[in-house]
Amino acid sequence: MNAPTPITPQTKVADLLEAVGGDPDAVLDALDEAESAQLIKALPGRRHPRYEFAHALVRHALLDKLSVPRLQRLHLGIAAALEGLHGERVDEQAPAMAHHLYEAGGRADAGRTRRFLRVAGEQAAATAAYDEALVFYDRALSLGRTMEDSERARLTYLRGVAKRAL
């Protein structure tokens, strides 16, 4: 599960980028410039525009230029922006939240990261994506230094259910 988890259609790309810290006009200018340079492409047929990198190599080349601390800070900022945009409905974004909090490393609160990893695992299991659920549960268990026994037991149980289903 190395690829980033997509953000659901309810999240508008420009809104997310603005929430991470960009000026609205600068965000739109950057999106236009990136699209003109063919670094990204808009996905057609959507009311709210969604973008993807034109090629995986473009994504890798851009990410490779960022230091690990800067990348972790960016992931943490994206998680905070998602939470701000979705408020009480942020659990609908659990896979994206789990991804960004996990990738934020030690900058993110471990308990919060585990919670979103568990919720994302439960959502994946509910759609029979047990292999994906297993990744989420394994990641949550790997953050277990300060975990309560009851939380560890619950995650271990959920992991076992996913493993058995596979």
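Asp91 is partly exposed in this predicted model, with a relative accessible area of 30%. Asp91 forms a salt bridge with Arg115, and the closest N and O atoms are 3.1 Å apart. This pair links distant parts of the chain: Asp91 sits in the loop between α4 and α5 (94-103), Arg115 in helix α6, and 24 residues separate them. Arg115 is also partly exposed, with a relative accessible area of 30%.

**Salt bridges**

The structure holds seven salt bridges.

| Pair | N to O distance |
|---|---|
| Arg112 and Glu83 | 2.4 Å |
| Arg89 and Glu92 | 2.9 Å |
| Asp91 and Arg115 | 3.1 Å |

A salt bridge joins the side chains of Arg112 and Glu83, at 2.4 Å from N to O. Arg112 belongs to helix α6 and Glu83 to helix α4 (residues 68-86), so this pair ties together parts that are 29 residues apart in sequence. Arg112 is partly exposed, its relative accessible area being 25%. Glu83 is partly exposed as well, at 28%.

In the pair of Arg89 and Glu92, the side chains meet at 2.9 Å, N to O. Arg89 counts as exposed, because its relative accessibility is 53% and the cut-off for exposed is over 50%. Glu92 is partly exposed, with a relative accessible area of 36%.

Salt bridges that share partners also join Arg118, Glu122 and Arg154 into one network.

**Helix α8**

Helix α8 spans residues 149-165, 17 residues in total. From its first C-alpha to its last it reaches 24 Å, close to the 24 Å expected at 1.5 Å a residue. Leu155, Leu158 and Ala162 are buried in α8. These residues lie on the same side of α8, because they cover an arc of only 65° around the axis. An α-helix has 3.6 residues a turn, so residues three or four places apart point the same way.

The cover over the buried residues of α8 includes α6 (110-126) and α7 (130-142). On the face of α8 turned away from its buried side are the exposed residues Asp149, Ser150, Tyr157 and Arg164.

**Second largest pocket**

The second largest pocket has a volume of about 200 Å³. Its lining includes Leu101, Tyr102, Gly105, Gly106, Ala108, Ala110 and Thr113. Ser142, Leu143, Gly144, Arg145 and Thr146 are also among the residues that line this pocket. Helices α5 and α6 each supply at least two residues of the lining.

**Positive phi angles**

Most residues other than glycine have a negative phi. Gln38 is not a glycine, yet has a positive phi of about 60°. Gln38 lies in the loop between α2 (24-36) and β1 (40-43), and at 62% relative accessibility it counts as exposed.

Ala128 also has a positive phi, near 65°, in a residue other than glycine. Ala128 lies in the loop between α6 and α7. With a relative accessible area of 51%, Ala128 is exposed.

Definitions and conventions: Residues are numbered from 1 along each chain as its sequence is written. This is a predicted model: local features need pLDDT of at least 70, side-chain atom pairs count only at pLDDT 80 or more; totals for chains, interfaces and linings use all residues. Side-chain values use heavy atoms; hydrogens and water are left out. Helices (H or I, at least four residues) and strands (E, at least two) are DSSP runs, numbered from the N terminus. The expected span of a helix is 1.5 Å times one less than its number of residues. Buried means under 20% relative accessible area, exposed over 50%, partly exposed in between (1.4 Å probe, protein chains only). The arc is that of the directions from the helix axis to the C-beta atoms. Contact means heavy atoms within 4.5 Å. A salt bridge is a side-chain nitrogen of Lys or Arg within 4 Å of a carboxyl oxygen of Asp or Glu. On a 1 Å grid over the protein atoms alone, a cavity is a set of points where a 1.4 Å probe fits but cannot get out, and a pocket is an open set with protein on both sides within 12 Å along at least five of seven lines; lining residues have an atom within 4 Å of a point. Grid points are joined across faces, edges and corners, and a volume is the space filled by probe spheres set on the points.
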